[in-house]
Amino acid sequence: MKKIVIFLILILVSCKESNCTEINSKFTSYDDAIEIVKSTDFSVEEKVNTDSSWIDSIEYYSCDEASGYLIVNTKKGGSYIHENVPIHVWNEFKNADSFGRFYNQNIKGNYYLDIN
């Protein structure tokens with residue numbers, strides 16, 4: 001019985017790889033960055049499904065509730081990740097009348113994730 005309890009505790013603890021304050025921003029690829037961000041525990045984790053013609057969903061992850069990572073998932077299965085996106089930009093994005101227009105005018109070209 002003790003082994004089962006320890007096993008269950010290990011499963012629960014390992015659901016999220018690490019705390020957001022421990023995240024390493026030097027990612028090896030965009031896919032690596034997305035995987036690490038999604039498997040890290042953040043104080044703000046939000047996902048919005050959209051009615052956009054090309055954006056399937058948008059996700060926001062923030063450790064300090066000031067800025068964070070933005071992931072844009074497309075209908076074709078691709079994803080874009082952006083770093084240091086202010087939470088006020090996230091709030092405007094998730095409430096935008098046109099997700100594609102907002103992305104192109106306010107996010108694309110303004111927030112980058114550097115891959116080393």
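Where does Thr 50 lie? Thr 50 is in the loop between β3 (44-49) and β4 (55-62). The model is predicted: local features need pLDDT of at least 70 and side-chain atom pairs count only at pLDDT 80 or more, while totals for chains, interfaces and linings use all residues. Residues are numbered from 1 along each chain as its sequence is written, and side-chain values use heavy atoms, with hydrogens and water left out.

**View 1. Overall arrangement of the chain.** The chain has four helices and six strands (DSSP runs: helices H or I, at least four residues; strands E, at least two; numbered from the N terminus). From the N terminus on, their order is α-β-α-β-β-β-β-β-α-α.

**View 2. Surroundings of Thr 50.** Thr 50 counts as buried because its relative accessibility is 12% (buried means under 20% relative accessible area, exposed over 50%, partly exposed in between; 1.4 Å probe, protein chains only). Its side chain reaches the backbone oxygen of Ile 55 at 2.3 Å. Leaving out residues up to four places away in sequence, Thr 50 touches Ile 55, Asp 56, Ser 57, Ile 58, Lys 75 and Phe 99 (contact: heavy atoms within 4.5 Å).

**View 3. The largest nonpolar core.** This core has 17 residues, of which Ile 55, Ile 58, Leu 70, Val 72, Trp 90, Phe 93 and Ile 107 touch the most other members (a nonpolar core is a set of buried Ala, Val, Leu, Ile, Met, Phe, Trp, Tyr and Cys residues joined through side-chain atoms within 4.5 Å). Two or more residues each come from β3, β4, β5 (67-74), α3 (87-94) and α4 (99-107). The largest share, four residues, is from α4.

Conventions
Polar contact = N/O pair within 3.5 Å; in protein donor to acceptor, adjacent residues only side chain to side chain.
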